[in-house]
Amino acid sequence: MDTVKRTVMILVAAVLMAVNLKTFVRTGGLIPGGFTGLTRLLQEICVLLWDFEPPFSVINFTLNAIPVVISFKFIGKKFTLYSCLLIVVSGLLTDIIPGFTVTTDMLLVSVFGGLFHALAMTICLMAGGTSGGTDFIAIFLSEKLDIDSWNYIFAGNVVILCIAGALFGWEKALYSIIFQFTATQVLHTLHRRYQKQTLLIVTKKPNEVYEAIRETTNHDATLIKGEGCYMKQECDIIYSVVGRDEVRKVLNHVRAVDPVAFVNMIRTESLSGRFYQRPND
């Protein structure tokens with residue numbers, strides 16, 4: 001993906017994120033997850049205690065300072081720079097653009113706010129960036145230290161929501177959970193890089209099919225010798241696990257080398273062992 005296209009996608013994601021924060025999130029007084037939610041919480045606390053709302057960008061930039069350094073050093077330089085572009089632009093736009101109300105129905109605010117947040121995040125991730133904060137931390141822990149960070153991130157979000165509920169009312173905290181749940185489910189549907197798919201390919205050209213998988217995804221495969229139960233003929237089965245975002249590309253290449261190959265795709269819920277993950281640039 002060329003630089004111009006990635007930059008445009010990051011800017012579009014930043015605009016969507018800022019507009020969402022100034023419409024749905026602010027209208028409902030919602031607390032999103034991660035550093036964005038922590039920033040909103042700190043803003044609300046400042047208003048409550050001192051009747052002063054500090055700029056969103058200042059708090060968010062400060063919180064992201066250390067994670068940005070970690071990401072630049074250990075995860076990927078371009079990945080971090082594109083992420084910083086999103087953080088800076090979305091932060092500044094959140095402070096600049098005027099807030100407006102689309103609807104005052106809290107359920108609609110929570111659901112559509114989560115939907116737009118997930119859409120912005122999907123565009124950002126497709127461009128090879130992230131919204132920063134806990135995303136940097138999660139990627140670092142999972143890719144570099146092989147630690148499942150989900151429980152830690154979830155626990156942090158729970159703490160933020162508990163503080164928000166205690167200070168500003170549990171109704172807003174509960175609607176914030178709906179917001180986060182909607183965003184998570186939509187993002188899981190739209191962005192498939194970290195999801196896995198098992199392929200079982202019955203073919204008469206096992207070497208060509210394997211090369212197609214290898215060249216397309218850099219994943220390995222296993223050759224299984226079998227026998228067709230009806231025709232009683234020997235057959236070859238190629239077994240491989242690829243990313244769900246790579247499936248369409250793999251199928252196109254497999255069809256090109258063996259148009260009559262029989263392909264069974266199985267959603268992989270969990271995987272243990274070595275699995276090649278494309279590095280962040």
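# Exercises on a predicted chain

D51 is found in the loop between α2 and α3. Helices (H or I, at least four residues) and strands (E, at least two) are DSSP runs, numbered from the N terminus. The model is predicted: local features need pLDDT of at least 70, side-chain atom pairs count only at pLDDT 80 or more, and totals for chains, interfaces and linings use all residues. Residues are numbered from 1 along each chain as its sequence is written, and side-chain values use heavy atoms, with hydrogens and water left out.

## Exercise 1: The whole chain

Task: How many helices and strands does the chain have, and in what pattern?

Solution. 
- Count the elements. There are ten helices and four strands.
- Read along the sequence. The pattern is α-α-α-α-α-α-α-α-β-α-β-β-α-β.
- Take the extent. The C-alpha trace spans about 80 × 35 × 30 Å along its principal axes.
- Take burial. Of the 281 residues, 42% count as buried.
- Look at contacts, meaning heavy atoms within 4.5 Å. Among those with a separation of 6 or more, 75% join residues 24 or more positions apart.

## Exercise 2: α2 against α3

Task: Describe how α2 and α3 cross.

Solution. 
- Recall what is needed. Two packed helices are described by the angle between their axes and the distance between the axes.
- Axes are lines fitted to C-alpha atoms, for helices over the stretch in contact, and angles run from 0 to 180 degrees between N-to-C directions.
- The axes of α2 (residues 34-50) and α3 (residues 56-74) come within 9 Å and cross at roughly 135°.
- Classify the angle. Under 35 degrees counts as roughly parallel, over 145 as roughly antiparallel, 65 to 115 as roughly perpendicular and the rest as oblique.
- α2 and α3 are therefore oblique to each other.
- Find the hand. A crossing is left-handed if the near helix is turned anticlockwise from the far one by less than a right angle, and right-handed if clockwise. The α2 and α3 crossing is right-handed.
- Name partners. Residues including F35, L38 and L42 in α2 meet residues including F56, I59 and L63 in α3.
- Sort by class. This contact has seven nonpolar, five polar and one charged residues. Ala, Val, Leu, Ile, Met, Phe, Trp, Tyr, Cys and Pro count as nonpolar, Asp, Glu, Lys and Arg as charged, and the others, Gly among them, as polar.

## Exercise 3: Two partners of α1

Task: How does α1 cross α5?

Solution. 
- The axes of α1 (residues 3-28) and α5 (residues 106-126) come within 9 Å and cross at roughly 165°.
- That makes the two helices roughly antiparallel.
- The crossing of α1 and α5 is left-handed.
- Residues including M9, L16 and F24 in α1 meet residues including F112, F116 and I123 in α5.
- The contact has 17 nonpolar, five polar and no charged residues.

Task: How does α1 cross α4?

Solution. 
- The axes of α1 and α4 (residues 77-96) come within 8 Å and cross at roughly 35°.
- α1 passes α4 in a right-handed crossing.
- Among the α1 residues that meet α4 are I10, A14 and L21; among their α4 partners are L85, V89 and L93.
- The contact divides into 13 nonpolar, four polar and two charged residues.

## Exercise 4: A residue in α3

Task: Is S57 buried or exposed, and what does S57 contact?

Solution. 
- S57 lies in helix α3.
- At 7% relative accessibility, S57 counts as buried.
- Leave aside neighbours within four places in sequence. S57 then contacts G91, L92 and D95.

## Exercise 5: Cysteines

Task: How many disulfides does the structure hold?

Solution. 
- A disulfide is a pair of cysteine sulfur atoms within 2.5 Å.
- The structure holds zero disulfides.
- Check C235. The nearest cysteine sulfur, that of C229, is 8.6 Å away.

Terms used. Buried means under 20% relative accessible area, exposed over 50%, partly exposed in between (1.4 Å probe, protein chains only).
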